[in-house]
Amino acid sequence: MRRRYTWNIFQSIEYSGEQAQIKLYNFLGYLMDNFTPSSNERNLISHIFRENEVCRDAEWERYFCFENIEVPEIYSGPHLTFPLTMEQAVGLVEAFRNKKQLHSRYVLQLLLETWKLLRMLPNINRISTCHSKEITICGDLHGQLEDLLLVFYKNGMPSLDKPYVFNGDFVDRGKDSIEIILILFAFLLLYPRDVYLNRGNHEDHIVNLRYGFTKEVLTKYKLHGKRILKLLQKIFSWLPLATVIDQKVLVLHGGISDSTDLSVIARVDRHKYVSALRPPKRRHMSSTRTSIDSDMDEEVWSANRFLLRRGSLVYPKPLGARSSFHNCSLQDFSDRIKVNMEDGQDVHRRRPSTFICGINSSEQQEAVSVLSESVSSDTANEEWKQILDLLWSDPMTPEGCIPNEVRGGGCYWGPDVTEDFLNRHNLQLIIRSHECKQEGYEFCHNRKVLTLFSASNYYDVGSNRGAYVKLGPDLLPYMIQYQASSMTRELSVGQSVGRTERSALKVLREQLFAHKSDLICTFKKYDSGGTGFVSLTDWASAVESVMHLNLPWRMLRCQLVTCKTSNGMIDYHDWFNELAIKGPNTDHIDQSLLETLYRHRSTLETIFRIVDTDNSGFITIEDFRQTWKLLSVYLKMAITDEAISDLAVTIDSNHDGSIDIDEFMEAFRLTDKKSRLERGRSMFMGTATDLTKLDEDPTV
């Protein structure tokens, strides 16, 4: 039971974070589609939507050129030449094992070679076991290099005789994401017919903003990190979407829906979906045969390029009620924002000179027809939904297919959908990843769906095993489990469960504190007499009504509420006094603002990263104000300019007019440590001795 509720705590909070990320991106997309190009709100975020860049590949290759980057003589890391050799790939693995870093010149060169190769690959790779005895399939790795190294140790490195399929989510959360993808890309270049990479939902630059990969690259490669990230953004969009083994086993990252059609997936232009969270914009050809899109990258296109923008962006539209977008999943959100074509055409009939100057009438006519088209056709929207389902969906026990409201994207599909899909495509098994499982894998839907997860100790040390699967010509899955951390092997079962349980409860306390105001308001509804006490039953009902985590609150009360109770009643004010751990230098800051900051700190940090257009780690005081205004609109709450100024003054201690994003987030962290789910790296880096002390001292 303890393991079960511990697992539920971790997983519920993980999925709520993903849902928050998708809601934020929906909101930002709404601003992009409904505010004028010159509005402050749009300017702050427009660069993250420049997805359909219009340059030819040759122009991009010049932008990513590595030849002018010199490798100093003191560099002691691995050196690469191309084409790569097996010795170099193995040397790269060993260098990363020994905590060495690959020079940015070689990183860009390796990524460019990978990009060239990926552009030649189909959306769905088709491979056969007849050329080898077994194919090894790995699930999510999430930046945990130790797991990948253990898989290679147990199973051998990729080779002509040892083919591998890596099923997405190579990056985010762990601290060695860039090392993992460089290793995988190196082996892909060495053995393009024996190493296969599927795209996951975390191979997405929007998701990377929240879950750590963007920050990791910019930290490790301060000088050329921006170019590396931009190239990775393009590489991620070219990763194949699925792999079929022996025409019978489908390997994909998330799952399927009742409308999934492999023939549609096989023919989509996958690189258009730089982020799977947003449908692609329609691209057009001007009379000069120049590809035109609504958003372009200034670094590539000079200021004197002729830009056309959609008619829907000429004037701002009202933001509308919060219910119009705040609680929507991706499936219905795109349908709620429609372009008013009559208004758009009317505007341009009245004021053509405001956006078309110096071109002839035929070009004007063409431009008007371009602007009169919708953002994406029904076909493109259907393709996008197919990819979204493929990357984000999860299986469920009941029959049917419903929107995945827990994650906020994709769907839940039942065994009947699996059966129909397998029959239509003449398949016998779906292997997918995307969900952490305690044993590293799990069968469902009459053993016709296998979930595979290769990142062990994902939530915390001892929380789960990792696993990979081997498939021979008989296509019967052979599972291999492991736990990468030596720490877990030194613990007893009781110590391991206790360690993980304490970690989960700590994360849960943080979440409860983050919802302090809502919880107290709900407690007061049950406490009609204003006594300050509620019964255990009312306490559990109130907490669930606010948190929506579906946890056994009555059972958890003893672990969460340690203050004394009176006649079975809970003093909820004393309870929050226990939970309230304040950060430094916050006495003069409005407490409701602090709670807002703490509760939405991941969302706020994500917005900071978006506003930080040059990826410097700093934003100006004015951008800081705009960030908070953006957050206040998103949360539909009032944050006064005075309160924002107090925050700015507190953080800008050296009065240089800029805010250090990392220092800001640390200065206002209201707990001593942040959970792994929020910060994207292990929350405990101790030793087995430290763990033993934890079990001996219940007060820790």
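Reply: Begin with terms: two strands pair if DSSP finds at least two bridges between them. Strands (E, at least two residues) and helices (H or I, at least four) are DSSP runs, numbered from the N terminus. The model is predicted: local features need pLDDT of at least 70, side-chain atom pairs count only at pLDDT 80 or more, and totals for chains, interfaces and linings use all residues. Residues are numbered from 1 along each chain as its sequence is written, and side-chain values use heavy atoms, with hydrogens and water left out.

Me: Which residue in S6 is the bridge partner of Ile245?

Reply: Val249 is that partner. Strand S5 (residues 242–245) and strand S6 (residues 249–251) pair in the antiparallel sense over three bridges.

Me: What is the strand order of the open sheet?

Reply: The six strands run S1-S5-S6-S12-S14-S13, with mixed pairing. Strand S1 (124–127) and strand S13 (441–444) are the edges, each pairing on one side only.

Me: How should I read the largest pocket?

Reply: On a 1 Å grid over the protein atoms alone, a pocket is an open set of points where a 1.4 Å probe fits, with protein on both sides within 12 Å along at least five of seven lines; lining residues have an atom within 4 Å of a point. Its volume, the space filled by probe spheres set on the points, is about 1,400 Å³ here. Of the 45 lining residues, Ser16, Gln19, His515, Val546 and Met547 are the closest to the centre.

Me: Which helix gives the most to that lining?

Reply: H1 does, with 12 residues.
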